[in-house]
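Please keep the sequence and the three-dimensional view at hand while reading.

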Amino acid sequence: MLTALLIMTGIAIVLGAALGYASIRFKVEGDPLVEKIDAILPQTQCGQCGYPGCKPYAQAISNGEADINQCPPGGEEGIRKLADLLGREFKPLSEEHGTEKPKSVARIDEQVCIGCTLCIQACPVDAIVGAAKQMHTVVAPLCTGCELCVAPCPVDCISMVPIAETVETWKWKYPVHELRSAA
Amino acid sequence: MITRLFSFKGGVKPESHKNESSGTPIQKAPLPKRLVIPLRQSIRSTARCLVAPGQRVLKGEHIGEGEGGLGTSVHASTSGTVVEIAPSPMAHASGLETLSIVIEPDGEDRWIDHTPLDLHSVSREEALAWLRGCGIVGMGGAGFPTHVKLGGGRGIDTLVINGAECEPWITCDDRLMRERAPEVLSGAMILRELIGAKQVLVGIEDNKPEAIAAMQAAASGLGDDISVVPVPTLYPAGGEKQLIRVLTGVEIPQGKLGTDFGVQCFNVGTANAVHRAIRFGEPLVSRVITLTGNVARPGNYEVLLGTQVSELLDLAGPKADTDRYIVGGPMMGTELQSLSVPVSKGMNCIIAASPALFPPPPPELPCIRCGACARACPADLQPFELYWFSRAKNFGKAQEYHLFDCIECGCCAFVCPSRIPLVDYYRFAKGEIWARERELQASDQARERFEFRNFRQEREKEEKAAKLAAKAAETRAKLAESGEAAAPAAETEDPKKALVAAALARAKQQQAAVTPKNTDGLTADVQAEIANIEARREKLNPQDADKAP
Amino acid sequence: MINSPYIRKPASVQGVMLAVLTALIPAIIVYASQIAAVVLVNLAIATIAALAGEALVLKLRGRPLAPALSDLSAVVTAWLLALCFPPILPWWATVLGVLIAIVAVKHLYGGLGQNPFNPAMVAYCAMIVAFPSLMSQWPAAGQLDFATQLGLVFGGAREIDAIASATALDTIKTGLRAAGATVQSIMGEGNFGLVSGRGWEWLAPAYALGGLYLLARGIITWHMPAAFLGALAAISAAFWLADPAHYASPLFHLASGGAMLGAFFIVTDPVSGATTPRGKLVFAACIALVAYIIRSFGAFPEGVAFAVLLLNICVPLIDMNTQPRVFGHRGDKAR
């Protein structure tokens, strides 16, 4: 009896020491969780979540300050991925932060643009080119569709255009299941 | 010389249905009333339009310039007038539109001046550019530019010419080999010269004895290192990788090119097009296409590129119970979504389908893991595992099980006793994975640009602060110079405050200097009006009242 | 819209199952004519129970009845069970066994194609554990007339010792416990024929005949039967050669119990078995080894059913580690 106790205690002490050593020796630097969350977020940088960009939102989720359902561009799929990563329950997109929309890009009506540069300052990814009193234009492949440029425009010449499907982006649909409808 | 054939695992033997259309010679299709020439003729690349509506063009005239590495030139298929440049549906599973040049033929079918290319007087690069300029792409279906494939480099041991034509119903390559064997082999010799291959192997499925005989007869005078090899009839023996495996024993993995293994493969139709491009200088403006299935006059027709399917079908006479049309073979083809689709370079066959010929599949049942698909798979995959993963949208796992090695040949779905549309699941999974890849790239780019912007704004702020500090120092120096040693202690404490104070002082001075202009010699009316306005202002801004003059 | 391929081989799940049922017919003929005709009644009872059970569960699950009932997979399970159970098992026990297989093992896991365990074998093991004495009462071949057999199946008094003997495997196992007994002495006394139980031993070639039919039709591949029978023969030969007095011959093992039925009909169940060619070899050979160990050293006389279940658990592991080489890939396996 005593021997058994001693052996068990001995094992516990040795393993405890090993674990303790390992946690110091193999400590992971930085905060990979934030990076992992950031990798799931769509990088729209739209701020609809209430944070100034995707990284701050990732940081907030990681700190437990923000919920996982505040990112409308990431949509339901994004929430599911976050729920998976963080081991939380899925919850629907929080309505106060917006709704999921088809992916769009901003388009400037070049006839109306007065060249005020307000949209250029608002764009989080520098996807609008132009200079003061010169016409501006959106570099569509760089545009994330964040809509941050729409509100500042004094002449309302920016509209969001849904991205059209091309042969390159077209994809096969999920096969329809006839299993249930059969018979 | 070839001594033994290899084999690939799997494969299926569907009913060939070749006799319907292989009996009659290739006929020249009459000039169509309208040609719709898509600018997207090679894979992943759309050409730049070189003509304008109203312009007259000759047959073979260069009307679209290939863009990018995979671009090839596009030519007018006959002489006539460009009437429109507009999006038009193309032969693609999506049924999407692409920018196309619409030509109204003038009926003369007059060629532009063209001269053959003397291969010996030009460099290899010039010859490849010539082929690009002639718009030569793979005519087996995928439409991969031939000059890109040839450009892969030298060190090629074997050139494989693909005349297997393993898909049921299709006979265009069969007829081409029977009737134009010398031309096909001439093209093969040109291709061989361009890649410096030691031997040429022409693989033809042994269900085409006439084509084999014709090709062997034509090859007999060309030397020992050209052999026409009958290969066992087993779908998909005409798949590029499968044919190379059968003829040479080399297995080319997914993502690798034949060049890496000393083998290169071209379709017989491509060889014929190369022959015409080099020996006559003719760009690719027509091709042989099989019209078969539920039609009155099945056969092969030489058709101008851009001829609309609806016009073409009149030649074959579809029967009344035809309910849809399949482009390509029944194993890998796609259903046509519009009959206004034009004939493109990769279109080898149109099958009129009726419920009797191609009955709809019975309802799908659950997978019982019987493994029939695995035994039929020519890529040695485990299709049912890929199916489970694709269905569950577990794309990572699907990729681990080599989803992208799947050539979508359809053997698995062909044999499945549960009638599961397996290939549909793979196409779906591949599409999703590609889409995610694109999204990931876009979001990485956005993140990088966002972070750079933040960095830039930070830097600009710092630069501004530095500039301000420099300016403050300057002002301080000036103040000290002018002898006004007003509160120097405070200034050194906060240069910014001093600046603000200085600016305020300047503003006050300026304000004081501003006196109402044009107030002399006014009429009484105007005076009254001014007084009125001032009164209104006073009412609105009582705190400003003391400022009023 | 339907996408390519637009043509399909006229193959169906129903066709596969029908082939399996056809392949069982030689064995059923031998069974009914040589051993106990009541097996035909048992087959009918099992079939009705299976279809009724399946229909009930489908109804409860809100699934369409026709496709699932007409695919015949439930009938295959029912027939296998009826052939595995003792022929004089009371009818309610047969019904119970079939319901365990169909309801608990097949449908609670999601129906056709979803069950990780062989339904017939789970039911067999459950029955052997729950009703050990009923499940070990076997008549000698031709011992009872049809009326007695019917009487036993549909109730009535069961004078166990008078009517029932044990299987060949059971006889050897219990016989060897006596001091000084050898396999030869036991086989000399009891109800033995050429290599195994008299009459019963003829079932083995009948099952094998059916198995060859399935092989010829391409319904099963050679891997599993070959590996199973090969491994069983090899391990039994090793022990037999070492000590022929206490270990039965390989021929005895191949001809006794569920060996042949297992080799061609049970182990080859695609749903719960390994799927890769190499995995099939490993899977079937391991079943044979485990079955032999249970037969020779375990508490039960027959071990095929337990061995199948044990290896069903290992299927994902086996499949994962035996993925075939993909076209063009040298050495790197899927994992």
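**Where the chains meet**

Chain C contributes 32 residues to its contact with chain B, and chain B contributes 45 residues. On the side of chain C that touches chain B, the largest share comes from α1(C), with 3 residues. Sorted by class, this side of chain C has 16 nonpolar, 11 polar and 5 charged residues.

We now turn to chain B as a whole. Its secondary structure comes to 17 helices and 17 strands. Is the chain a compact globule, or is it more spread out than one? The globule rule gives 24 Å for 549 residues, whereas the radius of gyration of chain B is 36 Å, well over that value; chain B is therefore more spread out than a compact globule. The C-alpha trace of chain B spans about 110 × 60 × 55 Å along its principal axes. Of the 549 residues in chain B, 48% are buried. If one takes the contacts in chain B between residues at least 6 apart in sequence, 73% of them join residues at least 24 apart.

Confidence in the prediction deserves attention as well. Chain B has a mean pLDDT of 88, and 91% of its residues reach 70 or more. Over residues 544-549 of chain B, however, pLDDT stays under 50, and the model has 4 contacts beyond four places in sequence for this stretch. Where pLDDT is low, the predicted coordinates should not be read in detail.

Strands of a sheet pair through backbone hydrogen bonds, in either a parallel or an antiparallel manner. In chain B, an open sheet of 3 strands has the order β3-β5-β6, and the pairing is antiparallel. At the edges stand β3 (48-49) and β6 (74-75) of chain B; each has a single partner strand, so one side of each is left without a neighbour in the sheet. The antiparallel strands β3(B) and β5 (residues 62-65) of chain B are joined by 2 bridges. Within this pairing, Cys49(B) stands opposite Gly64(B) in β5(B).

The next site is taken from a database record. In an unreviewed entry, UniProt places the feature "binding site" at Cys377(B), Cys406(B), Cys409(B) and Cys412(B). These residues span 36 residues in sequence, yet no two of their C-alpha atoms are more than 10.5 Å apart, so they gather at one spot. Cys406(B) is found in the loop between α12 (395-400) and α13 (411-415) of chain B. With 26 other C-beta atoms within 10 Å, Cys406(B) is buried. Beyond its neighbours within four places in sequence, Cys406(B) is in contact with Ala379(B), Leu381(B), Leu386(B) and Tyr426(B). Cys412(B), for its part, has its place in helix α13 of chain B.

The unreviewed UniProt entry places the feature "modified residue: FMN phosphoryl threonine" at Thr167(C). This residue is found in the loop between α8 (160-163) and α9 (168-175) of chain C. Is Thr167(C) buried or exposed? Thr167(C) is buried, with 21 other C-beta atoms within 10 Å. Leaving aside neighbours within four places in sequence, its contacts are Trp138(C), Gly197(C), Gly257(C) and Pro301(C).

Finally, some details of the backbone may be examined. Most residues other than glycine have a negative phi, and most peptide bonds are trans. The peptide bond from Tyr235(B) to Pro236(B) is cis, with omega near 0 degrees, and Pro236(B) is found in the loop between β11 (226-231) and α7 (240-248) of chain B. A cis peptide bond also joins Ser4(C) and Pro5(C); Pro5(C) is in the segment before α1 (13-35) of chain C. His17(B), which is not a glycine, has a positive phi of about 50 degrees, and it counts as buried, with 21 C-beta neighbours inside 10 Å. Asp109(B) has a positive phi near 50 degrees, and this residue is partly exposed, with 14 other C-beta atoms within 10 Å.

Terms used:
Residues are numbered from 1 along each chain as its sequence is written. Chains are lettered from A and ligands numbered from 1 in the order in which they are written. This is a predicted model: local features need pLDDT of at least 70, side-chain atom pairs count only at pLDDT 80 or more; totals for chains, interfaces and linings use all residues. Helices (H or I, at least four residues) and strands (E, at least two) are DSSP runs, numbered from the N terminus. The radius of gyration is taken over C-alpha atoms; the globule rule is 2.2 Å times the number of residues to the power 0.38. A residue is buried if 20 or more other C-beta atoms lie within 10 Å of its own, exposed if 12 or fewer, and partly exposed in between; C-beta atoms are placed from the backbone. Two residues are in contact if their C-beta atoms, placed from the backbone, lie within 7 Å. UniProt positions are given in the numbering used here, feature names are shortened, and annotations may be inferred rather than shown by experiment. Ala, Val, Leu, Ile, Met, Phe, Trp, Tyr, Cys and Pro count as nonpolar, Asp, Glu, Lys and Arg as charged, and the others, Gly among them, as polar. pLDDT is the predictor's confidence in each residue, from 0 to 100. Two strands pair if DSSP finds at least two bridges between them.
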